[in-house]
Each structure stands twice: as structure tokens, then as C-alpha cells.
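Please look over the sequence and the structure below.

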Amino acid sequence: MDCAKLVELLTNLLGEDKVSAAHSVLEEHSIDKWLVGHPPDVVVFAESTADVVAVMKFASGNGVAVTTRGAGAGYVGGAVPVEGGIVISVARMGAIREINTTDGVAVAEPGVITGDLQDAVRKLGWFYPPDPASLKECSLGGNVATNAGGPHCLKYG
């Protein structure tokens, strides 16, 4: 599918404010902190689980590659869209939905910055142990995707 058609169909599906093929946006989403990049055909800025589901159904039905991107703070190339296609950014999905101190469970969206979750639980007298070096800029989704836990994971798992 050509890029223009891809952009048109995704815009019809999600709205103009969530889809971009602007050169600067494609360039920014072509690389993380790794030294190698590849441009996507389009970037989708998901704001909800429903947006993610819609994009994944669309991509699956049309044979379009998808690369998920959080904060883009990784050094392993996980956010690099090596096959082009769609980059689905979850950076707008940055809400901490719940911190349940009774159950010891936090419910957060994938775009939440790791350090922000640490600060939120600390205010409640709790401790969120993962401490990657980039904790002030990396997102929870990226931590999970790349198994980035920092040195505290040696002690706390």
C-alpha cells in the first residue's frame, strides 16, 4: 500500500490529530538512541487502548508492519521501524490509572515515564524498584519491552 493511501485510511479511522506523515515526525520516529534508524511510512499517536486495537486490526488486515514506540529512550533499537510501515506511539498514553496500596498494584498506561511512577508511589510510602539509567525519560512500556530494570532488579527481581 502506498504511503498516501495508508495515511488517508488511518486518518479516516482515527482522525487527523492522531496521524502524521510530516517529514520531521517521521524523522523523529525513525530512531531511538541507537545509532541506526529507518523511517516509518506514518506515525500514529494512540491515546487509548481502543486506538491501539484499531491500528492493530487495520495493520493485520492490510499486511502493514507495526512498530510500537514509547519515549524512544532505548539503546537497543526496539523502537526503530526496520520494516517501515506504522509507528504507533504510546507517548500520549501517560496516565497512572490506579495505585492500590492494599493490593500493592499500580495500573498505568505504557507511556508513563518510569520516574513519574516512582515519584507517585513514593508519595504513598511505597517503592517501585526498577531503576534504569534513563528513568527520568524512559516509559514503562519500553521498560517491559526491553526488560530494562536497572541494578535494583538484581536485589528485587
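## Overall size

For a chain of 157 residues, a compact globule would have a radius of gyration near 15 Å, and the protein has 17 Å, which agrees. The model is predicted. Its C-alpha trace spans about 50 × 35 × 25 Å along the principal axes.

## Secondary structure and contacts

The protein contains 6 helices and 6 strands. Read from the N terminus, their order is α-β-α-β-α-β-β-β-β-α-α-α.

Among contacts in the protein with a separation of 6 or more, 52% are between residues 24 or more positions apart.

## Surface and interior

Of the 157 residues, 37% count as buried. The accessible surface of the protein is about 8700 Å², and carbon and sulfur atoms make up 55% of that surface.

## A nonpolar patch

W34, L35 and V36 form a nonpolar patch on the surface. Together these residues have about 340 Å² of accessible area.

L35 is found in the loop that runs between helix 2 (23-28) and strand 2 (42-45). The relative accessible area of L35 is 80%, so L35 is classed as exposed, the cut-off being over 50%.

## Cysteines

C138 has a relative accessible area of 6%, so C138 is buried, the cut-off being under 20%.

Conventions: Residues numbered from 1 in each chain as written. Predicted model: local features only at pLDDT ≥ 70, side-chain atom pairs only at ≥ 80, totals over all residues. Heavy atoms only, no water. Patch = residues over 30% accessible without salt bridge, like charges linked within 9 Å, V, L, I, M, F, W, Y side chains within 5 Å. Areas by Shrake-Rupley, 256 points an atom, 1.4 Å probe, with all protein chains shown as cover. Salt bridge = Lys/Arg side-chain N within 4 Å of Asp/Glu carboxyl O. Helix = DSSP H or I, 4+ residues; strand = E, 2+ residues; numbered from the N terminus. Buried < 20%, exposed > 50% of the residue type's maximum accessible area, 1.4 Å probe, protein only. Rg over C-alpha atoms; globule rule 2.2 N^0.38 Å. Contact = heavy atoms within 4.5 Å.
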